[in-house]
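User: I am new to this structure. Please show me how to read its features, one at a time.

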Amino acid sequence: MDSSALHEEIDSFFDSAPPLKDCAKITDKLNQFIELNSPSSGEGKRRSVVCVTSGGTTVPLEQRCVRYIDNFSSGNRGAASTEYFIKAGYAVIFLYRRGTCQPYCGSLPEDPLLECFEFVDDFDIQVRQPHSEAVKGAIRDHHAAVAGGLLLKLPFTTIFEYLQMLRIIALSMRSLGPCAMFYLAAAVSDFYVPWKGMAEHKIQSASGPLDMRLMQVPKMLSVLRTEWTPKAFCISFKLETDSKILLEKASMALKKYKMHAVVANELLTRKEEVTVVTNNGNISVHRNKTRTDSDVEDPLVELLVDRHSAYIKDSST
Ligand code: PAZ
C-alpha cells in the first residue's frame, strides 16, 4: 500500500472512532509526567521514558456493546517488564487493558481482595499471614513508583481507545527525542468493525446466522515510527502459534515498520524464551531455569536497555 492510501485509512479510522473519554485529562497527565522526567524539569532528574503497552484490545460488535472480539494477552509480560524498566531507571507510561496484570502484583493470588484479607473482629480486617509480604511489597513498590513520578498508568479496552491513546502518548513523547522508547507488548486487533457502520443495539439472533465483514485495522506502526515519534527507540512484538513462520514474520515486521527490534514469541513457550530480531542478527533470550522465580522479562529488558543506551549515545554523536 502506498503512503497516501495508508494515511487516508488512518485518518478515516480516527475520524470515525468514538471520541476518547477524558481526552483532555489524559493529555494533561501525560504532559505533566513527561515534563517531570524531562531535562528541562527543575524538579526531577532527566530519565528515559518508555511506553509499555500491555493486554489485548477488544473489537466491539455493537455500539452499546454486549458482544466483542478479544485478543489474547494476560498482561503478564507488560506488567513484569514495567517493574524491570523502573528498576533500570526509566519512567514508564503503562498503557494497559483494564482488568489485566498490574506491575508489582505478580506475587498476589488470583483474587487478592478475597484471598488476602480476613476479619479480626466485626469491623476490622487484616492481611492473612501467608500473603502479608506480597501485599506489603505490592502496595509499597507500586505506590512509591506512582508517587515518585516513575509510573503513569493509562487503561484502555477497545481498539479505538488503544490507538487514540497510543497516538496521544507518541505525540507527547516526541520532545524526548532518542530518550523515548516504545515497548509494544499489547496484542492489538488486526480486524475491526468501523464505528459508523456498527449496529447500535444488541444484534438479534432471531435474524439468523451472523454475517459480518471486518475491516483491516490500518497499520499504525510505520506512522508511529516515522511521523509521531521519529527519534524514539521502537520495539514491537510478534506472537505466532506456528513456529515455522514466526521468525520470518518478525523479520518482515522489522523491515516493514522500521522497528529497532522485534521480539518474536510463540504462544506456548512465551514465558520461557523469546527471540529478539534485529538488523544485526537474532538473539535468543531465555528464562534462568535454575531459579524457579525467574522470568524471561528480566534478561529481555536488560538487553533492550543496553541497546537503547547505545542508541542514545549514537544519536548524540
Ligand atoms: O500478556 P502475556 O504475558 O500473556 O503475553 C504476551 C504477548 C504474547 C501478548 C506478547 O509477548 C506479544 O507477543 N504481543 C504481541 C502480540 C501480537 O503479535 O499482536
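**A buried strand residue**

Analyst: Setting aside residues within four places in sequence, Cys234 is in contact with Phe182, Leu224, Arg225, Met259 and His260. Keep in mind that this is a predicted model.

User: Where is Cys234 found, and is Cys234 buried or exposed?

Analyst: Cys234 is found in strand S11. To judge burial, count the other C-beta atoms within 10 Å; 20 or more means buried. Cys234 has 22, so Cys234 is buried.

User: What does S11 give to the shell around the ligand?

Analyst: S11 gives 3 residues, the largest share of that shell. The shell as a whole has 13 residues, and the closest are Ser74, Asn76, Arg77, Phe237 and Leu239. Helix H3 (76–87) and strand S11 (233–240) are the elements that give two or more residues.

User: How do the residues of that shell divide by class?

Analyst: There are 5 nonpolar, 5 polar and 3 charged residues around the ligand.

User: Now the helices. How is a pair of packed helices described?

Analyst: Two values describe packed helices: the angle between their axes and the distance between those axes. Here, take helix H2 (residues 23–36) and H6. Their axes come within 10 Å and cross at roughly 35°. The crossing of H2 past H6 is right-handed.

User: Which residues make that contact?

Analyst: From H2 come Ile26, Thr27, Leu30, Asn31 and Ile34. From H6 come Met165, Ile168, Ile169, Ser172 and Met173. By class, the contact has 7 nonpolar and 3 polar residues, with no charged ones.

User: Why do residues three or four places apart point the same way in an α-helix?

Analyst: An α-helix has 3.6 residues a turn, so residues at that spacing point the same way. Look back at the H2 list with this in mind: Ile26, Leu30 and Ile34 are among the contact residues.

User: Which helix holds Tyr162, and why does Tyr162 count as buried?

Analyst: Tyr162 is found in helix H6 (residues 159–173). Tyr162 counts as buried because 24 C-beta neighbours lie inside 10 Å. Beyond residues within four places in sequence, Tyr162 is in contact with Thr57, Phe156, Ala186 and Val188.

User: How far apart are Tyr162 and Asn280?

Analyst: In sequence, 118 residues; in space, 31 Å from C-alpha to C-alpha.

User: Which residue with a positive phi follows H8?

Analyst: Lys258 follows H8. Its phi is near 55°, a positive value in a residue other than glycine. Lys258 is found in the loop between H8 and strand S12 (261–266). With 15 other C-beta atoms within 10 Å, Lys258 is partly exposed.

User: What is phi of Asp22 near, and where is Asp22 found?

Analyst: Phi of Asp22 is near 60°, again a positive value in a residue other than glycine. Asp22 is found in the loop between helix H1 (3–16) and H2. Asp22 is exposed, with 10 other C-beta atoms within 10 Å.

Conventions
Residues numbered from 1 in each chain as written. Predicted model: local features only at pLDDT ≥ 70, side-chain atom pairs only at ≥ 80, totals over all residues. Helix = DSSP H or I, 4+ residues; strand = E, 2+ residues; numbered from the N terminus. Buried ≥ 20, exposed ≤ 12 C-beta atoms within 10 Å, placed from the backbone. Contact = placed C-beta atoms within 7 Å. Near = placed C-beta within 6 Å. Nonpolar A, V, L, I, M, F, W, Y, C, P; charged D, E, K, R; others polar. Axes fitted to C-alpha atoms, helices over the stretch in contact; angles between N-to-C directions. Left-handed = near helix turned anticlockwise from the far one by under 90°.
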